[in-house]
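My entries follow in the order I looked things up.

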Amino acid sequence: MSLIEIKNLNVNYKTTRGEVHAVRGVNLSVAKGEVLAIVGESGCGKSALLKSVMGLMPANAVVTGQVSAFDRELVSLREKEWQGIRGKQISMLFQDPMTTLNPTMTIGSQIAEALLIHHPKMEKEKVRKRVYELLSLVGIKEPEVRAKQYPYQFSGGMRQRSVLAIAIANEPELLLADEPTTALDVTVQAQILGLLQEIQKKLNMTTILVSHDLRVVSSIADRVAVMYAGKIVEIGTRDEIFGDPKHPYTWGLLRSLPEYSQGKEMLFTIPGMPPDLRQDFVGDAFAPRNRYALQIDYEEEPPLFAVSDTHKAATWLLDERAPRVDFSAMDMVHEVSMEEHEHAPRNHGEDPEKPLVSINHLTKDFELPGKKKMTAVKDVSFSIMPGEIFGLVGESGSGKSTVARCIMNAYTDFEGEIFYDEIPLHDRMARRRERRRLSTERQMIFQDSASSLNGRMKISDIVTEPFRIRHEKPKRGSLKKEAAYQLSYVGMDEGYLNKHPGELSGGQRQRVAIARAVATDPKLLIADEPIAALDVSIQAQIINLFKHLQEEHGFSILFIAHDLAMVRFLCDRVGVMVDGEMVEMGETEEIFANPRHAYTKELLAAIPKIGKERP
Amino acid sequence: MIRYYGGKILIFIVSIFVLSFLVFTVSRMAPGDPLVSYYGDRVEKMTPEEREHAENRLGLRDPILTQYQRFLEKSMQGDFGISYKYKRSATEVVLDRLPYTLVLGGVGFVLIFSLALLLGIVCAVHEDRLLDQIICKVGTVTSCIPEFWVSLMLILIFAVELKLLPSSGAHSLRVDTLSDRLLHLILPMTVVVLGHLWYYAYMIRNKILEEIRRDYVLLAKAKGLSKRKILYRHCVRNMIPSYLSLMAISVPHILGGTYIVETVFSFPGIGTLAYESARFHDYNLLMLLSLLSGMVVILGNMVAQIINERIDPRIQAKEAMHER
């Protein structure tokens with residue numbers, strides 16, 4: 001028996017730049033006690049779908065269609081009626097636990113509030129007991145103490161546990177989880193997923209989980225729906241989706257996971273970018289990115305073809321008149337969209353045996369108000385060879401970025417020694433003497449390209465700024481030519497030269513950031529979580545770009561990341577940091593095959609394993 | 001804790017000390033004749049000998065630093081000297097006048113505080129709708145007009161034309177009833193409130209709108225709370241600490257506004273007194289008033305700081321983030 005039935009649901013947003021069709025005609029039904037996962041990239045409408053099930057859409061959204069649950073029709077409910085359902089029959093988990101809790105209320109009172117709003121007459125003593133009970137149910141120890149604390153005294157994982165406690169306070173029948181683990185560290189992610197699964201089973205809660213991370217989904221979902229451009233393009237049981245995907249998009253998503261490309265030259269990528277949902281689509285929205293697109297894909301929207309009773313996919317490839325396609329042949333096709341440039345792999349004339357960067361006993365303290373001290377990096381030593389890609393992994397707050405910033409001399413008051421090509425970076429005079437060289441040869445790329453690129457500058461100005469600052473004549477003659485050249489180098493055409501960062505997508509912005517960084521022919525590139533904020537299919541494109549550029553230029557990369565599979569694919573050597581210390585370091589394959597330190601083992605074990613069989 | 005408040009008190013004392021020194025020296029170096037306020041018009045007819053005698057008597061002939069030292073010693077014992085104009089102890093003169101200012105400024109402050117909160121919430125609830133737009137426009141216009149001009153206009157309309165309200169003083173001659181005093185308060189109070197109200201109301205409106213867009217509001221909504229409850233239990237509550245600290249900083253502003261208004265309405269508070277004493281070099285009175293005003297200003301700022309640093313858990317949250 002299905003608990004919730006969604007029929008022909010449409011969600012449109014009115015924005016100043018046109019109407020966005022976030023959800024287009026979605027049909028879904030979820031059985032009681034089932035876990036349905038909705039996967040898709042950002043902007044595919046999965047969050048809008050989830051929020052409209054709970055009536056949490058903003059005022060500028062128009063929701064049409066039917067959502068029936070608990071013998072009611074939800075779409076037409078008024079705000080007053082919603083208030084009786086929210087938190088009692090339907091609850092929601094949100095993406096970022098750091099911001100979803102009210103910072104000025106204690107955890108206990110926030111949980112109590114969820115209880116009291118639906119049971120206003122509950123006795124104080126009973127409420128308190130129930131709060132403690134809920135806290136221990138979500139695995140928070142010493143609930144009596146913890147209930148009196150404020151959110152800032154909780155870690156990210158603990159906060160997500162508290163939000164879960166609020167969500168299950170009234171034992172709802174339906175739990176909606178909107179990317180509940182995306183903002184968390186890998187090991188914490190695994191704990192929260194385990195907890196979610198355990199509580200779901202215990203309370204037999206029907207769950208709809210939205211995520212962009214296929215690995216998260218594969219470990220917990222009974223059924224999986226894949227969304228693209230506001231539509232469900234494929235739906236089936238977990239094994240069907242992961243074992244036998246029928247839609248080329250699903251197949252591409254699975255294939256672009258680095259696990260499937262280990263040992264290969266390049267990662268598999270889906271070409272192009274997710275579409276803009278402001279347009280009216282004719283035919284299959286995925287057609288422009290589909291290598292197997294048929295004529296009809298551009299003309300008529302494919303219906304959901306039934307593969308089995310449970311498995312459906314919306315692609316014309318399943319029509320009996322369509323040619324048979326063997327997806328695995330795609331494996332062979334490696335997209336080489338980037339032009340080959342004149343750079344041959346260069347050797348900068350240095351001894352390949354001599355490290356480019358060597359760090360000896362680096363320690364960095366931060367002064368806190370009240371004469372307290374926080375040691376972000378403790379006695380870390382390692383070196384990066386010329387042409388090497390060195391991966392640095394660890395949880396947030398483990399000091400990875402601090403190491404990077406010390407090498408870039410964003411921090412200069414560190415203890416220990418850092419040599420860059422025999423220039424002592426810990427020596428102020430040496431830094432000054434070699435200022436020009438250092439600023440050319442060391443470049444950095446940041447995680448958030450939206451805030452690291454100046455929004456008021458044109459792309460061409462951003463890319464050529466290093467030349468203007470140094471009053472240097474670029475190799476390609478004029479600044480404009482140089483900018484066009486560098487952009488084409490990262491796979492973007494001249495049309496972007498006069499745009500501003502705000503008009504670009506995250507992946508494109510990151511390409512611009514890379515183009516700017518490599519414009520000066522650096523010897524060392526420091527990339528601080530460069531792909532963490534990007535969509536799955538775009539991540540693979542950017543990683544390929546890194547690999548491509550590194551092979552052409554021969555520079556060294558310090559690659560900071562928390563996605564271990566990407567690190568494994570890209571890096572030659574890996575260092576693992578815990579609480580400011582380097583606990584393990586070695587050849588990538590060696591570390592992944594034989595992790596020694598307990599934390600590394602935990603980190604590797606925490607990666608959710610994908611499906612049972614490989615596609 | 002003891003260190004924290006000890007530090008604050010130390011800063012307070014040092015600030016007051018510096019303030020007193022500056023006011024003392026600057027006022028004495030400013031051009032003008034302090035004897036005028038003591039002897040009035042007679043000063044013009046004084047012989048040089050009489051002058052010298054008078055100045056010696058008031059101790060005005062000594063070097064400034066000696067005078068300052070004497071002032072410090074005396075003031076430590078609670079003796080602030082006599083007012084040249086009133087020929088009474090300066091403390092007494094101030095104490096006579098203080099209640100008027102306290103009523104005008106204090107009630108004005110409470111009114112501003114509560115009306116701003118109310119207006120801000122009303123605007124936030126009706127964001128961008130007609131009511132909000134009207135209040136915003138009217139508010140911006142009123143807060144832009146200088147206080148003295150508003151005062152004059154109000155006097156012109158209500159006192160001169162309509163003859164409804166008295167134009168000056170704290171009470172009518174030979175009449176001293178509560179209703180009469182209240183009547184005299186209306187115009188100055190209106191000016192004090194109008195001058196500051198919108199500034200704070202607008203701040204509250206925007207603060208609430210900022211809070212409403214935070215993620216925790218979505219969680220509160222998901223719990224099943226109504227819009228009203230979310231607004232009062234979460235948004236307004238979270239905004240109160242920053243509002244309190246803002247209001248603490250505003251105390252000196254409102255005090256300053258009161259001084260101007262008192263002068264325009266000839267309201268016998270310490271504002272008019274301060275103005276006179278500075279203008280006519282009534283040194284002892286000026287010192288006392290400066291110290292009083294200074295204390296209010298510094299205390300206001302300190303309370304704001306303490307609210308910010310100690311009461312709001314979000315500030316502690318930031319500290320905690322650094323620790324990790």
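Entry 1, chain A overall. I am working from a predicted model. I counted 22 helices and 22 strands in chain A. I then looked up the extent of the C-alpha trace of chain A, which spans about 75 × 70 × 50 Å along its principal axes. Chain A has a radius of gyration of 26 Å; a compact globule of 615 residues would have one near 25 Å, so the two agree. For burial, I found that 48% of the 615 residues of chain A count as buried. I also checked contacts in chain A between residues at least 6 apart in sequence, and 68% of these join residues at least 24 apart.

Entry 2, a sheet in chain A. I traced an open sheet of four strands in chain A, in the order 14-13-16-17, with antiparallel pairing. Its edge strands are strand 14 (372–384) and strand 17 (423–424) of chain A, each pairing on one side only. Between strand 13 (residues 357–368) and strand 14 of chain A I noted nine bridges. In strand 14 of chain A, A:Val377 is the residue opposite A:Lys364. Helix 12 (residues 400–407) of chain A packs on this sheet and touches strand 13, strand 14 and strand 16 (415–420) of chain A. The direction of helix 12 makes about 110 degrees with that of strand 13 of chain A.

I found 23 residues of chain B in contact with 31 residues of chain A. On the chain B side, helix 9 (215–223), helix 10 (227–264) and helix 13 (313–323) each supply at least two residues. Helix 13 of chain B gives the most, with eight residues. By class, I recorded eight nonpolar, six polar and nine charged residues on the side of chain B that touches chain A.

Methods:
Residues are numbered from 1 along each chain as its sequence is written. Chains are lettered from A and ligands numbered from 1 in the order in which they are written. This is a predicted model: local features need pLDDT of at least 70, side-chain atom pairs count only at pLDDT 80 or more; totals for chains, interfaces and linings use all residues. The radius of gyration is taken over C-alpha atoms; the globule rule is 2.2 Å times the number of residues to the power 0.38. A residue is buried if 20 or more other C-beta atoms lie within 10 Å of its own, exposed if 12 or fewer, and partly exposed in between; C-beta atoms are placed from the backbone. Two residues are in contact if their C-beta atoms, placed from the backbone, lie within 7 Å. Ala, Val, Leu, Ile, Met, Phe, Trp, Tyr, Cys and Pro count as nonpolar, Asp, Glu, Lys and Arg as charged, and the others, Gly among them, as polar. Two strands pair if DSSP finds at least two bridges between them. Axes are lines fitted to C-alpha atoms, for helices over the stretch in contact, and angles run from 0 to 180 degrees between N-to-C directions.
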